Amino acid sequence: MTESGAPAAETRDDAPGQPAISGRDAPAAPVAARRTSLLVTLVLGGLTAVPPLSMDMYLPALPQVTAALHSPAATVQLTLTTCLAGMALGQMIVGPMSDKWGRRRPLLIGMVVYVLATALCAVATNAEVLIAFRLLQGLAGAAGIVIARAVVRDLYDGVAMARFFATLMLISGVAPVVAPLIGGQILRVTDWRGVFVVLTVVGVLLTLLVWRRLDETLPPERRAPGGLGPALRTMRDLLADRVFSGYLLVGAFAFAALFAYISASPFVVQEIYGASPQTFSLLFGLNSVGLVAVGQINGKLLVGRVGLDKVLGVGLVAIALAGAALLLMSSGVFGKAGLVPVAAGLFVLMSAMGLVMPSTNTLALLRTPHAAGSASALLGTSTFLLGAVASPLVGIAGERTAVPMAVVQLSCAVLALVSFLGMCRPWQRKGERTAGERTGL
């Protein structure tokens, strides 16, 4: 890193002498100014915030949509499901495309389609049309999150990459918290269609910033050969890498525990423990602050001083212990637990994600400089799919018990630990560190 905080030019083991940073169509000088580095950070952070904004800003408007379109609530709920499914599938499509054609072209196409799909959502005349446009919105919006991770892998290595992921978490972690609040304020002055108008404006601004300010980061000589066959073979080879697959599963199972919290916490906190909506919002915000704060502590203080595998191990143990404590409390082993100890357990679980998420992304992508787009797609899709599976399981026994939530969280934490110990096996890889790891990871 330069003194200004921007990444210095660096070489890769898999391409000796090849600069890590390039211009729009060919290698360019490394970013050297703090202003440019900050702008790139904000653009990439905005791209990672698009999915949570698209999902959560819309939540307060669901009752309005149900009434306005004269559709059952279950049908309107599909507008969330299809958007989530689109984001999962879209990453699998866009990731390999970015390895073939570079990052800018697929990203710009995706953002333009996202803007059009979001604008069409605002003028949808019935639930079925809205569901179709939400699917398209998710497919296109996936370009931002998958390519943002790939760009980070192109620009950074080792300690710098881990710290940058922690910085992105500051932005993407705040988005789910503020999105419903923004949506609620929008509904004070307009109807549900206004939410999509605002999202359209956000998409237009991000698209312009990407077009004007985000240079190409994958030079032509480092791009993968095209076609469906090579893309599938690349993904197959990535999944055949036991260590990469291990980190993929660790991240996916940890994220599933987080999804279980997001899905169940409104019912657990309000219906079971009798908290008001305002108290729930306060606790939800506090937990999100914990996640972001621990992520920043990780990026600013731990990275470069403590090995990423050690940080990841501590985070996974903390999640497992929090899940076990929540299961004991919710099942009444030690008597009826109140809201305070349950909230404390959820806070520890959420905060520990600040250690796990940046570490898994970094450790997985360190192994895949040759196919960062495809690797990012696999990482993103696996988290969305397992999260979608975990979400309905938390309500399997009804809304009057927190046991299913705790069981899902503990199970996911244990499976993440088993994947880490059984597949990643960091103690066996001390003699085969990559260039990035030799810089302090």
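1. Arg134 and Tyr58. The charged end of Arg134 sits over the ring of Tyr58, at 4.5 Å from the ring centre. The term applies if NZ of Lys or CZ of Arg is within 6 Å of the ring centre and within 35 degrees of the ring normal. A second case is Arg212, whose charged end sits over the ring of Trp211, 6.0 Å from its centre.

2. Basis of the values. The model is predicted, so local features need pLDDT of at least 70 and side-chain atom pairs count only at pLDDT 80 or more, while totals for chains, interfaces and linings use all residues. Residues are numbered from 1 along each chain as its sequence is written, and side-chain values use heavy atoms, with hydrogens and water left out.

3. Aromatic pairs. Rings of Phe, Tyr and Trp (its six-membered ring) pair if their centres lie within 6.5 Å; planes under 30 degrees apart count as stacked, over 60 as edge-to-face and the rest as tilted. The count by this rule is 4 aromatic pairs. One of them is Trp192 with Phe196, an edge-to-face pair with 6.1 Å between centres and 90 degrees between the planes. Ring pairs also link Tyr58, Trp192 and Phe196 into a cluster.

4. Setting of the Trp192 and Phe196 pair. Trp192 and Phe196 are separated by about one helical turn, because they are 4 residues apart in helix α7 (residues 192–213). Buried means under 20% relative accessible area, exposed over 50%, and partly exposed in between (1.4 Å probe, protein chains only). Trp192 has 2% relative accessibility and counts as buried; Phe196, at 0%, counts as buried.

5. Overall make-up. The protein chain has 14 helices and 0 strands. Helices (H or I, at least four residues) and strands (E, at least two) are DSSP runs, numbered from the N terminus. Of the 441 residues of the chain, 54% count as buried.

6. Packing of α9 and α14. Which angle do helix α9 (residues 242–272) and helix α14 (residues 403–424) make where they pack? The angle is about 170 degrees, and the axes are 8 Å apart. α9 and α14 are therefore roughly antiparallel to each other. The contact of α9 with α14 has 20 nonpolar, 4 polar and 1 charged residues. Axes are lines fitted to C-alpha atoms, for helices over the stretch in contact, and angles run from 0 to 180 degrees between N-to-C directions. Angles under 35 degrees count as roughly parallel, over 145 as roughly antiparallel, 65 to 115 as roughly perpendicular and the rest as oblique. Ala, Val, Leu, Ile, Met, Phe, Trp, Tyr, Cys and Pro count as nonpolar, Asp, Glu, Lys and Arg as charged, and the others, Gly among them, as polar.

7. Helix spans. The expected span is 1.5 Å times one less than the number of residues. α14 has 22 residues and reaches 30 Å from its first C-alpha to its last, close to the expected 32 Å. The 26 residues of helix α10 (residues 277–302) should span 38 Å, which agrees with the 36 Å between its end C-alpha atoms. For helix α11 (residues 308–330), with 23 residues, the reach is 33 Å, close to the 33 Å expected.

8. Positive phi after helices. α10 is followed by Gly304, with a positive phi near 95 degrees, and α11 by Gly332, with a positive phi near 80 degrees. Arg425 has a positive phi of about 45 degrees although it is not a glycine. The place of Arg425 is in the segment after α14, and Arg425 is partly exposed, with a relative accessible area of 28%.

9. His70. This residue is other than glycine and has a positive phi near 55 degrees. His70 lies in the loop between α2 (62–68) and α3. At 72% relative accessibility, His70 counts as exposed.

10. Ser54, in helix α1 (residues 34–56), is buried at 1% relative accessible area. Ser54 and Val195 are 141 residues apart in sequence and 9.3 Å apart in space, C-alpha to C-alpha. Met92, in helix α3 (residues 73–101), is partly exposed at 27%. Met92 and Gly380 are 288 residues apart in sequence, with 8.4 Å from C-alpha to C-alpha.
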